[in-house]
Amino acid sequence: MLKQIAIGIIRFYQQYISRYTPPSCRFYPTCSQYGVESIERFGFFKGGFMTLFRVLKCNPFHPGGFDPVPEKKQKHDHHKK
């Protein structure tokens, strides 16, 4: 539920706000797209924190560049043989 609400808010921003402002994100994918991907992949809390830290990095003191959402690590089962 929280996941869908957060993604809905980001999609609203992308559709009705971002497209009418000059491009300003220093990263690819953009911070809003990163937010959607990280929340979809990691859930509301972890993805939300990842998005928050990404947005905080998006400032004139950071060079930006290519910064994709990391892949979700696979859980290892050490008990299988």
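Accessible areas here come from the Shrake-Rupley method with a 1.4 Å probe. By that method, the protein exposes about 6600 Å². Carbon and sulfur atoms supply 63% of that area. The model is a predicted one.

**Overall build**

The protein has 3 helices and 2 strands. From the N terminus on, their order is α-β-α-α-β. The C-alpha trace spans about 55 × 30 × 15 Å along its principal axes. The radius of gyration is 15 Å, whereas a compact globule of 81 residues would have one near 12 Å. Buried residues make up 25% of the 81 residues. Take the contacts between residues at least 6 apart in sequence: 70% of them join residues at least 24 apart.

**Helix H3**

Helix H3 covers residues 44-57, 14 residues in total. At 1.5 Å a residue, H3 should span 20 Å.

Which residues of H3 are buried? They are Gly 47, Met 50, Thr 51 and Arg 54. These residues cover an arc of only 100° around the axis, which puts them on the same side of H3. A general rule of helix geometry applies here. An α-helix has 3.6 residues a turn, so residues three or four places apart point the same way.

What does the buried side pack against? The buried residues of H3 pack against strand S1 (27-28) and helix H2 (31-42). The face turned away from the buried side carries the exposed residues Phe 45, Phe 53 and Leu 56.

**Two residues in detail**

Buried means under 20% relative accessible area, and exposed means over 50%.

Thr 51 lies in helix H3. Which residues does Thr 51 contact, leaving aside its neighbours within four places in sequence? They are Tyr 34, Gly 35, Ser 38 and Ile 39.

Pro 60 sits in the loop between H3 and strand S2 (65-66). Pro 60 and Phe 27 are 33 residues apart along the chain. Their C-alpha atoms are separated by 12 Å.

Conventions: Residues are numbered from 1 along each chain as its sequence is written. This is a predicted model: local features need pLDDT of at least 70, side-chain atom pairs count only at pLDDT 80 or more; totals for chains, interfaces and linings use all residues. Side-chain values use heavy atoms; hydrogens and water are left out. Helices (H or I, at least four residues) and strands (E, at least two) are DSSP runs, numbered from the N terminus. The expected span of a helix is 1.5 Å times one less than its number of residues. Buried means under 20% relative accessible area, exposed over 50%, partly exposed in between (1.4 Å probe, protein chains only). The arc is that of the directions from the helix axis to the C-beta atoms. Contact means heavy atoms within 4.5 Å. The radius of gyration is taken over C-alpha atoms; the globule rule is 2.2 Å times the number of residues to the power 0.38.
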